[in-house]
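Let's walk through this structure together, from the overall build to individual side chains. Keep the viewer open as you read.

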Amino acid sequence: MPFMQWAILPAALFCGLTFYPMVKGESIHNAYWLTFTLICFFMGATAYIIPYNALLPELTRTGSERVKLSSLQQVGFVIGIILSAMVNNFADWVQRFAGTPNRDTAVQYTIWGLAIFAGLVMLVPVFAIDEKRYSNGHPSHLSLLPAIQKTFQNRNFKYYLISDFSYYMALSIISSGLLFF
């Protein structure tokens, strides 16, 4: 839970900052800024998602409960994609009713609104789940480097890692181009 709690702020902050280029127009500085903000955003998001996914098996007792919880998680993911795909619609509303000076500013305000909303939604599991009640994990007595070496000796884990990486790269590419398509 502490990882999840502290990961929310950088994830939301760098999500919003991604849409504030350093220079108006095309610039190599904007490319560097975009790279920096996206790296920081994905590090924050990853620091939240990994502990969250590690909790899922702890919160359920049976396989069918795990499937149901994972399905609900994916429903939330799809709702998030739908809301983020509506940025332009929300920006129109912000520009019309909030009186923002131009379209770029309306989009930036919309992104900040969605980033703050997402951060608040990310707080729900942090406050709603009592980790000590559900978790029965025991600390490992294996130090980090030997644990990593032992993990990568598992042949099936290597296949899983390649397939998982490929899946999330494809998902990121598709979701990044979703508004365009």
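A word on the ground rules comes before the tour. This is a predicted model, so local features need pLDDT of at least 70 and side-chain atom pairs count only at pLDDT 80 or more, while totals for chains, interfaces and linings use all residues. Residues are numbered from 1 along each chain as its sequence is written, and side-chain values use heavy atoms, with hydrogens and water left out.

Start with the whole chain. Its secondary structure comes to 8 helices and 0 strands, where helices (H or I, at least four residues) and strands (E, at least two) are DSSP runs numbered from the N terminus. Along the sequence, the pattern reads α-α-α-α-α-α-α-α. Taken along the principal axes, the C-alpha atoms fill a box of roughly 60 × 35 × 30 Å. Of the 181 residues in the chain, 20% are buried; buried means under 20% relative accessible area, exposed means over 50%, and partly exposed lies in between, with a 1.4 Å probe and protein chains only. Among contacts with a separation of 6 or more, 59% join residues 24 or more positions apart, a contact being heavy atoms within 4.5 Å.

Now to the helix pairs. Two packed helices are described by the angle between their axes and the distance between the axes. Here the axes are lines fitted to C-alpha atoms, for helices over the stretch in contact, and angles run from 0 to 180 degrees between N-to-C directions.

Look at helix α1 (residues 2-17) and helix α2 (residues 28-59), which pack at an angle of about 150 degrees with their axes 8 Å apart. That makes α1 roughly antiparallel to α2; angles under 35 degrees count as roughly parallel, over 145 as roughly antiparallel, 65 to 115 as roughly perpendicular and the rest as oblique. The crossing of α1 and α2 is left-handed, a label used if the near helix is turned anticlockwise from the far one by less than a right angle, with right-handed used if clockwise. On the α1 side, the contact includes F3, M4, A7, I8 and F14, and on the α2 side W33, F36, C40, F41 and Y48 are among the residues that take part. By class, the residues of this contact divide into 18 nonpolar, 2 polar and no charged. In this scheme Ala, Val, Leu, Ile, Met, Phe, Trp, Tyr, Cys and Pro count as nonpolar, Asp, Glu, Lys and Arg as charged, and the others, Gly among them, as polar.

Follow α2 onward to helix α3 (residues 63-85). The axes of α2 and α3 come within 9 Å and cross at roughly 145 degrees, and this crossing is right-handed. Y52, N53, L56, P57 and L59 of α2 meet R66, L69, S70 and Q73 of α3. Their classes are 5 nonpolar, 3 polar and 1 charged.

Further along, helix α7 (residues 144-153) and helix α8 (residues 155-176) have axes that come within 5 Å and cross at roughly 85 degrees. The two are therefore roughly perpendicular to each other. T151, F152 and Q153 of α7 touch R155, F157, K158 and L161 of α8, giving 3 nonpolar, 2 polar and 2 charged residues.

What about salt bridges? A search of the whole structure finds 2, each being a side-chain nitrogen of Lys or Arg within 4 Å of a carboxyl oxygen of Asp or Glu. One joins K24 and D104, with the closest N and O atoms 3.5 Å apart. K24 lies in the loop between α1 and α2 and D104 in helix α5 (residues 103-128), so the pair ties together parts 80 residues apart in sequence. K24 is exposed at 72% relative accessibility, whereas D104 is partly exposed at 45%. In the pair D92 and R103, the closest N and O atoms are 2.4 Å apart. D92 sits in helix α4 (residues 87-98) and R103 in helix α5, 11 residues apart. D92 is partly exposed at 34%, and R103 is partly exposed at 28%.

Finally, visit L178, in the segment after α8. L178 is partly exposed, with a relative accessible area of 34%. Leaving aside neighbours within four places in sequence, L178 is in contact with I81 and A85. The C-alpha atoms of L178 and I82 are 9.8 Å apart, although 96 residues separate them along the chain.
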